[in-house]
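Dear colleague,

Please find below the structure that I am handing over to you. I would be grateful if you could look through it before reading the notes that follow.

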Amino acid sequence: FKPRYYMCFILIIWMSIQCWILKLQQLYGPQFFIPARFLPPVYNYSRPIPPVLLQNLRSSSSSSSSSSSGQNNSSSTFLALEEGHVGSSSSSSSIDNRGLY
């Protein structure tokens, strides 16, 4: 077989283009080369805490802090809810200990 140097050159150019595209995707994100008009709308997956739940939690934490002299779990639940962790104080602490949110 006679060596075909032009095929080797084409293969090197092709692999170089692919490597540069991967590097640019790493730097600018995987969709940097797609025009904005072709991209789908961005969806926000974070769910806000309903205002009624926050109001109920605030009222229960203020009433329990004035009536209890021991450890106040409702305030830690309120802080967990404000930070985005949903659940009761005992379940949220066990979830936080495992590293799952």
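The notes below describe the fold, the confidence, the surface and the aromatic residues.

This is a predicted model, in which local features need a pLDDT of at least 70 and side-chain atom pairs count only at pLDDT 80 or more, while totals for chains, interfaces and linings use all residues. Residues are numbered from 1 along each chain as its sequence is written, and side-chain values use heavy atoms, with hydrogens and water left out.

Fold. The chain has four helices and zero strands, and its elements run α-α-α-α from the N terminus on. Helices (H or I, at least four residues) and strands (E, at least two) are DSSP runs, numbered from the N terminus. Helix H1 covers residues 5-28, and its 24 residues should span 34 Å at 1.5 Å a residue; the expected span is 1.5 Å times one less than the number of residues. The end C-alpha atoms of H1 are 34 Å apart, which agrees. Just after H1, Gly 29 takes a positive phi of about 100°.

Confidence. The pLDDT (the predictor's confidence in each residue, from 0 to 100) averages 75 over the chain, and 62% of the residues score at least 70. Confidence is highest in H1, at a mean of 96, and lowest in helix H4 (residues 89-98), at 46. Over residues 87-101 the pLDDT is below 50, and this stretch has twelve contacts in the model beyond near neighbours in sequence. A contact means heavy atoms within 4.5 Å.

Surface. Of the 101 residues of the chain, 12% count as buried. Buried means under 20% relative accessible area, exposed over 50%, and partly exposed in between (1.4 Å probe, protein chains only). The chain exposes about 9,000 Å², of which carbon and sulfur atoms supply 63%. Accessible areas come from the Shrake-Rupley method with a 1.4 Å probe; for residues, only the protein chains shown count as cover.

Aromatic residues. A search of the whole structure finds three aromatic pairs. Rings of Phe, Tyr and Trp (its six-membered ring) pair if their centres lie within 6.5 Å; planes under 30 degrees apart count as stacked, over 60 as edge-to-face and the rest as tilted. One of the pairs joins Tyr 28 and Phe 32, and is tilted, at 6.1 Å centre to centre with 45° between the planes. Tyr 28 is exposed, at 59% relative accessible area, whereas Phe 32 is partly exposed, at 33%. Tyr 43 and Tyr 45 form an edge-to-face pair, at 4.7 Å centre to centre with 75° between the planes. Tyr 28, Phe 32 and Phe 33 form one aromatic cluster. Phe 32 lies in the loop between H1 and helix H2 (51-67).

Yours sincerely
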